[in-house]
Amino acid sequence: MGKLIWHELSRYVSLAASTYAVWAGVWAIFFRKFFWDFVGGILRDPGGIQPNPRISVFITLIVRVPVIQTMTITFGLVIIALEWPLVTVDRIPFHRLIPIKILLLILQAAIAALLYQERPSPHIPYEAALSSGDLYFFPSETHLKEDIGIEFEIRVCPALQKKPEQRDGQILVSQEPSVATTGQPDPFAPPYSLNLHVGDLALDDEDHTAEYVVLLNKYCVVPHHFLLVTKEFRPQTSPLLPSDLVHIYQLLLAARRANKSLIAFYNCGINSGASQPHKHVQFIEVERDGPPLEKITRNLKIEASGRPFTFQSLPYANHIFRLPALSLDSTPAQLRETLFPPFYSLLDLVISTTYTIPGTDTVIHVNSLGYAGMMLVKSHSDLEEIKKVGPAEILRGVGVESVHDLQVSGSLLETDYS
């Protein structure tokens, strides 16, 4: 009698374990991650685990093609059929053989242990892309340098010295040229990498629908760096359109709802740091109170709202527009009406990217993030040169002298005249 009770108990345990294995296998098809990717991996802070290349076979069989998940589900269903048992299986002699059941359970446990069976994190697309090898993370250090009363952020990433000179903002994207200019593959054109593709967006804009795709940046220095890319090829040298601004701000509002702070930046052409001619806007996470320049300008007192102003302490031309408060639930039409006129007025003021340190051969590359107070260099020697010269002087050398007041008064005269 006791043996019968123990046999029945073990049967229920086997059924429960196999049911869980089937559920875990299905779950892991949608959230693909190799559980043991930390073995021999490198912990990046920030950035998370970067797996050891020697475990790439498991990443292939789990992340790229769900082979392990399928095997886990299959073993689970076979054991359930044996233990239930199904009518057809009940007629097979070996379904009562304990050694066979034990072997199947051991194989099932070994395979299921390879899968990540936890609740997915909010950054699962980034983690999946990193663990699969579709996304590369380059560790870096952030140094602070106070200059003209502003605490500039200078990020040092020595790994970039091993890369070609093509750049896109803070990170390299792809060395493949654009199909629109050279006939070569466009890295921002479909089909998209499954692990880099976050989602699609669309907006009805006047007489057409503007379509976009959100992609993780393939080579990143800052974790969770992503791109908003036009589905239809548009040149990176073209200005942002109303539909672009609406989607950019909607993403910023979505981040705010998630208690995150992002900065969006647009490198408009090669001279501002872009290496891909396909139009794309970049997003990275920043501190809660924003990048260095925003922290300063947020508290500036301005004479009149509703028009551009300049931060006089900066030794280079700069134009800023303080937007009115926008609701987190603002409609696309409200965002278009609020965002585009200020952007157009700023665009009308823009005149102007490299800077060579005087007396040296050191060349500092500056992109749009530099003018938000955030710079990127490849070596500590470059960092020391920046500290000697001062970030503000470098930005002044790349930009032009500020004549903001003359420009604004000229624009107002033109408006009055018209």
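Predicted model: local features only at pLDDT ≥ 70, side-chain atom pairs only at ≥ 80, totals over all residues.
Residues are numbered from 1 along each chain as its sequence is written, and side-chain values use heavy atoms, with hydrogens and water left out. Helices (H or I, at least four residues) and strands (E, at least two) are DSSP runs numbered from the N terminus.

**Salt bridge**

- The side chains of glutamate 285 and lysine 260 form a salt bridge, at 3.8 Å from N to O.
- Glutamate 285 belongs to strand β11 (residues 280-285) and lysine 260 to the loop between α8 and β10 (262-265), so the pair ties together parts that are 25 residues apart in sequence.

**Packing of α3 and α5**

- Helix α3 (residues 67-83) packs against helix α5 (residues 98-112) at an angle of about 150°, and their axes are 9 Å apart; axes are lines fitted to C-alpha atoms, for helices over the stretch in contact, and angles run from 0 to 180 degrees between N-to-C directions.
- This angle makes α3 roughly antiparallel to α5 (angles under 35 degrees count as roughly parallel, over 145 as roughly antiparallel, 65 to 115 as roughly perpendicular and the rest as oblique).
- The crossing of α3 and α5 is left-handed, a term used if the near helix is turned anticlockwise from the far one by less than a right angle, with right-handed used if clockwise.
- On the α3 side the contact (heavy atoms within 4.5 Å) is made by Ile68, Met71, Thr72, Phe75, Gly76, Val78, Ile79, Leu82 and Glu83; α5 contributes Lys101, Leu104, Leu105, Leu107, Gln108, Ile111 and Ala112.
- The residues of the contact of α3 with α5 comprise 11 nonpolar, three polar and two charged; Ala, Val, Leu, Ile, Met, Phe, Trp, Tyr, Cys and Pro count as nonpolar, Asp, Glu, Lys and Arg as charged, and the others, Gly among them, as polar.

**Packing of α8 and α10**

- The axes of helix α8 (residues 242-257) and helix α10 (residues 332-349) come within 9 Å, crossing at roughly 115°.
- The two helices α8 and α10 are therefore roughly perpendicular to each other, and their crossing is right-handed.
- From α8, Pro242, Leu245, Val246, Tyr249, Gln250 and Leu253 meet Pro332, Leu335, Arg336, Leu339, Phe340 and Phe343 of α10.
- In the contact of α8 with α10, 10 residues are nonpolar, one is polar and one is charged.

**The sheet β4-β5-β14**

- An open sheet with mixed pairing is formed by three strands in the order β4-β5-β14; strands pair if DSSP finds at least two bridges between them.
- Its edge strands, each pairing on one side only, are β4 (141-147) and β14 (374-377).
- Neighbouring strands of the sheet are turned by 30° against each other on average, direction ignored.
- Pairing of β4 with β5 is antiparallel over seven bridges, and lysine 145 stands opposite phenylalanine 152 in β5.
- Strand β5 (residues 150-156) pairs with β14 in the parallel sense over four bridges; arginine 155 has leucine 376 in β14 as its bridge partner.
- Helix α11 (residues 380-389) lies across β4, β5 and β14 and runs at about 10° to β4.

**Backbone features**

- The hairpin of β4 and β5 has two residues between the strands, and its isoleucine 148 takes a positive phi near 45°, in a residue other than glycine.
- Proline 190 and proline 191 are joined by a cis peptide bond with omega of about 0°.
- Proline 191 is placed in the loop between α7 (179-182) and β6 (197-205).

Notes
Salt bridge = Lys/Arg side-chain N within 4 Å of Asp/Glu carboxyl O.
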